[in-house]
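Q: I have a new model open and would like to learn to read it feature by feature. Where do we begin?

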Amino acid sequence: MEKRESTSTSTSTIASLAVEDAKRRCVSLIQRLTTSKLSLSPRTTLSRLIHSELTFLHRLSSATSPPSFSLNIGHLEAVLHVLQQPFVTGVSRVCKPIKLSHSCSIYIDIVCSLKGNPVWFIVSDRNSRYISWDTCSGNKNKGLKDKVQQVLDAARHSPVTLRPSSVVLFFSNAVDDDIYQNLKIHFGAIHLEMEPFSYQELELEDNWTNLELGRFFPDACVVEIKVDKDLCREMEESISDSANARIDGLICCKKLDDYSDLTSLCLLVLGMKCWCCSLDDNIELEVSLLKQSWRDAESKLVNFDTTAMVAIVSGISNGRTDKLLATPESELRGRFKGNYDFVIAQVDSEKKNPIHSELSTVISGKQGIISESVRLEFLELISMCGGPNEKRRADYFLNFLKAVPDCPSTRLMSLPTTRKLALKNKVVFGTGDYWSAPTVTANMAFVRAVSQTGMSLSVIEHRPRALIGSHYAHLVQLKFPKLNADRHIYLKIKWNPSSLLLLLHCIKQGSSILILAR
């Protein structure tokens with residue numbers, strides 16, 4: 001009798017310790033989530049789930065003898081680990097079901113972009129001993145084979161806006177070799193490399209940096225399964241045909257020595273992979289893009305929208321900040337009128353975080369593309385509003401980019417056209433999505449609108465910058481259909497108001513549009 005009581009006490013103690021450890025992990029996860037760079041929607045969902053788990057654990061710890069229980073904290077840790085991988089971008093859904101019809105839905109842990117391609121993540125924190133391949137008779141839990149088949153069927157029949165190119169399975173505690181082999185044989189699964197740990201950098205005082213480490217996943221097994229191999233082949237051939245039509249017309253960068261004085265911009269471009277200097281790679285990319293590995297496209301290409309092009313060549317981003325700040329405030333207010341604060345805010349932002357330095361870390365080693373519509377609109381804006389130096393920088397930067405035809409992806413064009421989801425933006429971002437290239441942009445209003453539909457979109461955010469023209473330019477405020485001529489400069493130019501709006505997303509303020517003119 002005493003021995004049985006002792007065993008019961010020991011079991012209760014172990015359960016209590018497990019509960020306290022799980023509570024500690026919840027608190028740690030909440031702290032990491034607070035400082036993470038996740039967007040608001042997935043961060044809110046994860047926070048709600050973690051707090052719910054913590055509440056459950058508090059109820060368990062208050063019980064005199066905790067009953068047998070299972071914990072979800074390990075699964076949540078694994079989800080956050082995946083989200084913090086550098087190649088996981090455009091997260092639109094976390095731990096939510098996707099509705100396929102009025103009576104059918106499928107639970108997906110993460111809807112995101114993986115190296116530029118839309119994917120679904122299924123995350124498992126189960127002990128590998130309890131993962132079976134086939135469904136056992138009399139067992140209500142499905143085997144892994146049936147579960148994977150169910151997810152793939154759902155992916156193939158999901159709305160085109162949410163349809164992934166592949167499904168990724170993340171097993172935080174590995175899987176037995178026979179199950180791994182079955183995944184390869186039955187579903188064509190391929191192994192994916194993923195760092196076993198994740199961390200966040202927190203800036204402290206006196207230039208110190210605190211590294212906040214997450215849970216370590218040394219035994220994790222990650223595999224990717226293509227949803228529709230025939231569709232992948234069709235898209236590769238389509239991309240190849242489009243690319244072959246644009247292979248000529250490149251300008252050799254060795255002919256650009258006259259631009260050597262553009263120091264900051266030259267350093268940014270120096271880190272990129274030039275189309276002319278990597279002609280062999282270029283031909284391989286053009287003729288048979290992603291033939292060997294479609295997933296690697298994001299590591300090769302980067303797409304620029306108009307806000308990015310403007311920011312890169314702007315005088316504010318190219319060494320004019322000190323001169324602006326050295327100018328008497330009264331003179332600046334006289335030039336910029338009510339837009340003085342707007343200009344100074346961008347100058348201060350550039351002083352603290354130079355945009356060329358920020359972008360160089362994410363576009364280094366990539367080849368740049370722009371859609372034909374962006375190229376035309378950017379040239380129009382530069383000709384109207386750019387100063388001589390900004391025009392030289394624009395000419396220089398355009399020589400390093402390849403203009404591709406407007407070829408938006410089917411999933412972007414399947415979104416309804418609304419005020420927030422304008423057709424012109426769907427074309428620009430959709431072209432980047434078609435080429436599996438992240439789009440560099442300051443147009444986060446459109447990105448948020450896409451995310452609210454549940455679609456993942458691969459983007460690289462930058463802070464907005466404006467053209468300052470010659471002699472800093474004058475800022476004029478436009479209210480369509482007429483210019484506000486009261487104490488502003490009137491521009492007698494031919495223009496298309498709808499196209500101009502696209503160019504100036506980075507400086508949109510309510511119903512008024514700020515436009516920079518000489």
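A: Let's begin with two terms: contact means heavy atoms within 4.5 Å, and helices (H or I, at least four residues) and strands (E, at least two) are DSSP runs numbered from the N terminus. With those in hand, the buried residues of helix 5 pack against helix 4, strand 4, strand 5 (190-191) and strand 8. One caution: this is a predicted model, where local features need pLDDT of at least 70 and side-chain atom pairs count only at pLDDT 80 or more, while totals for chains, interfaces and linings use all residues. Residues are numbered from 1 along each chain as its sequence is written, and side-chain values use heavy atoms, with hydrogens and water left out.

Q: How many helices and strands does the protein chain have, and what share of its residues count as buried?
A: Buried means under 20% relative accessible area, exposed over 50%, and partly exposed in between (1.4 Å probe, protein chains only). The protein chain has 19 helices and 17 strands, and 50% of its 518 residues count as buried. Among contacts between residues at least 6 apart in sequence, 74% join residues at least 24 apart.

Q: Which residues of helix 5 are buried, and which are exposed?
A: The general idea first: an α-helix has 3.6 residues a turn, so residues three or four places apart point the same way. In helix 5 (177-187), the buried residues are Ile 179, Tyr 180, Asn 182, Leu 183 and Phe 187. They cover an arc of only 160° around the axis, which puts them on the same side of helix 5; the arc is that of the directions from the helix axis to the C-beta atoms. Over on the other side, Asp 177 and Ile 185 are exposed.

Q: What span does helix 4 have, and which of its residues are buried?
A: To get the expected span of a helix, take 1.5 Å times one less than its number of residues. Helix 4 (residues 144-156) has 13 residues and reaches 18 Å from first C-alpha to last, close to the 18 Å expected. Its buried residues are Leu 144, Val 148, Val 151, Leu 152, Ala 154 and Ala 155. Here too the arc is only 160°, which puts them on the same side of helix 4. Their cover includes strand 2 (105-114), strand 3 (117-124), strand 4 (166-171), helix 5 and strand 8 (221-226).

Q: What does Ile 225 touch?
A: Ile 225 sits in strand 8 and counts as buried, at 1% relative accessibility. Leaving aside residues up to four places away in sequence, Ile 225 touches Val 148, Leu 152, Ser 166, Val 167, Leu 169, Phe 187 and Ala 189. Two of those, Val 148 and Leu 152, are among the buried residues of helix 4, and Phe 187 is one of the buried residues of helix 5.

Q: Which residues touch the most other members of the largest nonpolar core?
A: In soluble globular proteins, nonpolar side chains tend to be buried together. A nonpolar core here is a set of buried Ala, Val, Leu, Ile, Met, Phe, Trp, Tyr and Cys residues joined through side-chain atoms within 4.5 Å. The largest has 47 residues, and Phe 304, Met 309 and Phe 397 touch the most other members. A second, separate core of 36 residues includes Leu 29, Leu 46, Cys 95 and Phe 170.

Q: How many aromatic pairs are there?
A: Rings of Phe, Tyr and Trp (its six-membered ring) pair if their centres lie within 6.5 Å; planes under 30 degrees apart count as stacked, over 60 as edge-to-face, and the rest as tilted. The structure holds six such pairs. One of them, Phe 170 with Phe 217, is edge-to-face, at 5.8 Å centre to centre and 75° between the planes. The pair links distant parts of the chain: Phe 170 is in strand 4 and Phe 217 in the loop between strand 7 (209-213) and strand 8, 47 residues apart. Phe 170 is buried, with a relative accessible area of 1%, and Phe 217 is buried at 2%.

Q: Where is Ser 436, and is Ser 436 buried or exposed?
A: Ser 436 is in the loop between helix 17 (423-434) and strand 12 (439-441). At 1% relative accessibility, Ser 436 counts as buried. Its phi is near 55°, a positive value in a residue other than glycine.
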